[in-house]
Amino acid sequence: MAEAEEDCHSDNAVRAGDDGENESPAETDLQAQLQRFRAQWMFELAPGGSSSSLEPRPYRAMRGSSLRAADIKGKQELAKEEKARELFLKAVEEEQNGALYEAIKFYRRAMQLVPDIEFKITYTRSPDGDGVGNSYVEDTDDDSKMADLLSCFQQQLMFQESALKLCQPELESSQTHISALPMEVLMYIFRWVVSSDLDLRSLEQLSQVCRGFYICARDPEIWRLACLKVWGRSCIKLVPYTSWREMFLERPRVRFDGVYISKTTYIRQGEQSLDGFYRAWHQVEYYRYIRFFPDGHVMMLTTPEEPQSIVPRLRTRNTRTDAILLGHYRLSQDTDNQTKVFAVITKKKEEKPLDYKYRYFRRVPVQEADQNFHVGLQLCSNGHQRFNKLIWIHHSCHITYKSTGETAVTAFEIDKMYTPLLFARVRSYTAFSERPL
């Protein structure tokens, strides 16, 4: 029996060897693939089996290197696109500022990195709109976070473990820090910063120091007092604004941190020469300056002198400049939502000393009169700045004679000689005042 089985196995082996010799290389490769598939299938059926462990080590190394190369390439593409986005936004900013040559260079560098970078940026405003004041920045969540920054800072101060303080010293010091002052004293300091000149710009700069100062600078009482000083009893109601600060920033008003200036130029015919051969023509230039104060006072000056020499003299009402006109103004808002400024100004009175030399001589009495100028202006906004333009709508002279009480009115025609007044901010006007808000 054993010999018979051995003969059968030997015959099968010889027969299989003869068949293997007769098989083609394609059939041999197919058999090898089939054997590998069966082995992989059996291993996957076993518990804890994995197909990845059946792969040879060279194949696994090649796959790992290809994945790492793809990851590095993807990071390089993202970095290149981010760099192109920064260059493109920088080019847009330069173009808005008028630097077209610099903008072209940034556009070219951005499109060399990513040719279609223009279509990969999300704009907050449509580029087809008006080009003035449009900002082409990407949509982010920072705007929503900045919308309620005040409440965010207040919550952060409330959840502090230590005692509630508006600000804390960055470095340890033996001296008393400003955070040790009571809230009432801090608010009084902030009112001194605003002062009676309504220097709200300095208040905004002070709010950038820390979170506590930001909260103090947003105190509603400070902004309410500022609104009352500008509009008086007409701003008792807060509607339609949501806060006093929004009312002060959005409601039309004249500005106090500078001067409204207009320049007028015209050609005047001169006298003819003695021989009658030619006639001279003169180019005349002069300026009008109007300076407003928060307490309702206004100054006006017409002079050919340049702003560099006149503007420093208009810092206070106690100026010694000759020919300056002083008066009061008020704001008026019509039904068409146009804000107008009406002012009544008069020349500063000068007390003349008594001349005792001719006190015994009989002189012809001079009829005394008071001369007032009535001015009407329309408040507008021009460009990025707000409330920086005044347009003439009325100008007249009222002369009242003291002896008879009669008044003569002379109205001037508003023509091309009355050029609009544009606002020029003066940093020295926002200096520390003598009185708090």
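How many helices and strands does the chain have? I counted 12 helices and 9 strands. Helices here are DSSP runs of H or I with at least four residues, strands are runs of E with at least two, and both are numbered from the N terminus.

**Ground rules.** I am reading a predicted model, where local features need pLDDT of at least 70, side-chain atom pairs count only at pLDDT 80 or more, and totals for chains, interfaces and linings use all residues. Residues are numbered from 1 along each chain as its sequence is written, and side-chain values use heavy atoms, with hydrogens and water left out.

**Whole chain.** I looked up burial and found that 27% of the 437 residues count as buried. Buried means under 20% relative accessible area, exposed over 50%, and partly exposed in between, with a 1.4 Å probe and protein chains only. The chain exposes about 31,200 Å², and carbon and sulfur atoms supply 53% of it. These areas come from the Shrake-Rupley method with a 1.4 Å probe; for residues, only the protein chains shown count as cover. Of the contacts with a separation of 6 or more, 52% are between residues 24 or more positions apart; contact means heavy atoms within 4.5 Å.

**Helix 7.** I checked the length of this helix, residues 183-194. The expected span is 1.5 Å times one less than the number of residues. Just after helix 7, Ser195 takes a positive phi of about 65°.

**Strand 5.** I looked up Ala343, which lies in strand 5 (residues 339-347). Ala343 is buried, at a relative accessible area of 11%. Beyond its neighbours within four places in sequence, Ala343 touches Val298, His328, Tyr329, Phe373, His374 and Val375. Gly376 is 33 residues from Ala343 in sequence, yet their C-alpha atoms are 6.6 Å apart.

**Salt bridges.** I noted first that side chains of opposite charge can pair when their charged atoms come close. The rule asks for a side-chain nitrogen of Lys or Arg within 4 Å of a carboxyl oxygen of Asp or Glu, and by it there are 13 salt bridges.

Which residue forms a salt bridge with Lys105? Glu102 does, with the closest N and O atoms 3.4 Å apart. Lys105 is partly exposed at 37% relative accessibility, and Glu102 is partly exposed at 32%.

Asp257 has a salt bridge with Arg255 (3.4 Å, N to O), and both residues are buried. Asp257 also forms a salt bridge with Arg425, again with 3.4 Å between the closest N and O atoms. This pair links distant parts of the chain, 168 residues apart: Asp257 is in the loop between helix 11 (244-250) and strand 1 (258-272), Arg425 in strand 9 (residues 421-425). Arg425 is partly exposed, at 32% relative accessibility.

I also found Glu81, Glu82 and Arg85 linked in a network of salt bridges.
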